[in-house]
Amino acid sequence: MESDIKSSSLFERIGGLEAVDAAVEIFYAKVLADEEIAHFFRWLDMSSQIKKQKAFLAFAFGAPTAYTGRSMREAHAHLVKYGLNDKHFDAVMNHLLSTLREMKVGEGLIKEVERIAGGSRKDVLGK
């Protein structure tokens with residue numbers, strides 16, 4: 001059983017597409033309710049954004065899919081011009097992690113998500 005756990009992707013271990021879909025829905029509800037970061041999303045078509053985020057996270061977590069969206073740097077460059085910074089990145093990360101805890105995802109898996117998502121900080125912030 002141990003080898004099965006190690007050989008399966010984070011995507012599979014977290015609960016697959018159903019879990020990613022649910023997490024993204026909860027996550028964006030939190031983000032849009034947060035006055036510190038909600039303004040970065042005010043002009044977005046949130047239905048489209050949610051769809052893109054689901055595809056990106058599934059891919060980033062190891063789903064057997066291709067991601068065809070823009071790079072993190074390219075997708076966020078205009079937001080950096082409007083002041084996106086480490087404080088905002090941290091707020092987004094906190095909402096993601098709290099969403100996973102709310103969904104009763106194990107701490108080991110949450111740490112993996114934190115490592116993957118946190119690894120995008122430099123690209124997202126254009127550093």
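**Aromatic pairs**

I started with the rings and counted four aromatic pairs in the chain. This is a predicted model, so I am reading computed geometry throughout.

I looked up Phe27 and Tyr28 as one of these pairs. Their ring centres sit 4.9 Å apart and the planes make an angle of 65°. I noted the arrangement as edge-to-face, because planes over 60 degrees apart get that label.

Next I checked Tyr28 against Phe41. That pair is edge-to-face too, with 5.8 Å centre to centre and 75° between the planes. What does the Tyr28 and Phe41 pair tie together? Tyr28 belongs to helix α3, residues 16–33, while Phe41 lies in the loop between α3 and α4 (46–60), so the pair joins parts 13 residues apart in sequence.

**Buried or exposed?**

Is Phe27 buried or exposed? Phe27 is buried, because its relative accessible area is 5% and the cut-off for buried is under 20%. Tyr28 comes out at 4%, so I put it down as buried as well. Phe41 has a relative accessible area of 15%, and that also makes it buried.

**Fold**

I went through the secondary structure next. The chain has eight helices and zero strands. Reading along the sequence, I get α-α-α-α-α-α-α-α.

**Size and outline**

I checked the radius of gyration against the globule rule. A compact globule of 127 residues would come out near 14 Å, and the chain has 15 Å, so the two agree. Along the principal axes, I read a C-alpha trace spanning about 50 × 30 × 25 Å.

**Surface and charge**

The chain exposes about 7800 Å². Carbon and sulfur atoms supply 56% of that area.

How many positive and negative side chains does the chain have? I noted 18 positive and 18 negative. The centres of the two sets lie 5 Å apart.

**Recap**

Definitions and conventions. Residues are numbered from 1 along each chain as its sequence is written. This is a predicted model: local features need pLDDT of at least 70, side-chain atom pairs count only at pLDDT 80 or more; totals for chains, interfaces and linings use all residues. Side-chain values use heavy atoms; hydrogens and water are left out. Helices (H or I, at least four residues) and strands (E, at least two) are DSSP runs, numbered from the N terminus. The radius of gyration is taken over C-alpha atoms; the globule rule is 2.2 Å times the number of residues to the power 0.38. Accessible areas come from the Shrake-Rupley method with a 1.4 Å probe; for residues, only the protein chains shown count as cover. Lys and Arg count as positive and Asp and Glu as negative; His and the chain ends are not counted. The place of a charge is taken as NZ of Lys, CZ of Arg, CG of Asp or CD of Glu. Rings of Phe, Tyr and Trp (its six-membered ring) pair if their centres lie within 6.5 Å; planes under 30 degrees apart count as stacked, over 60 as edge-to-face and the rest as tilted. Buried means under 20% relative accessible area, exposed over 50%, partly exposed in between (1.4 Å probe, protein chains only).
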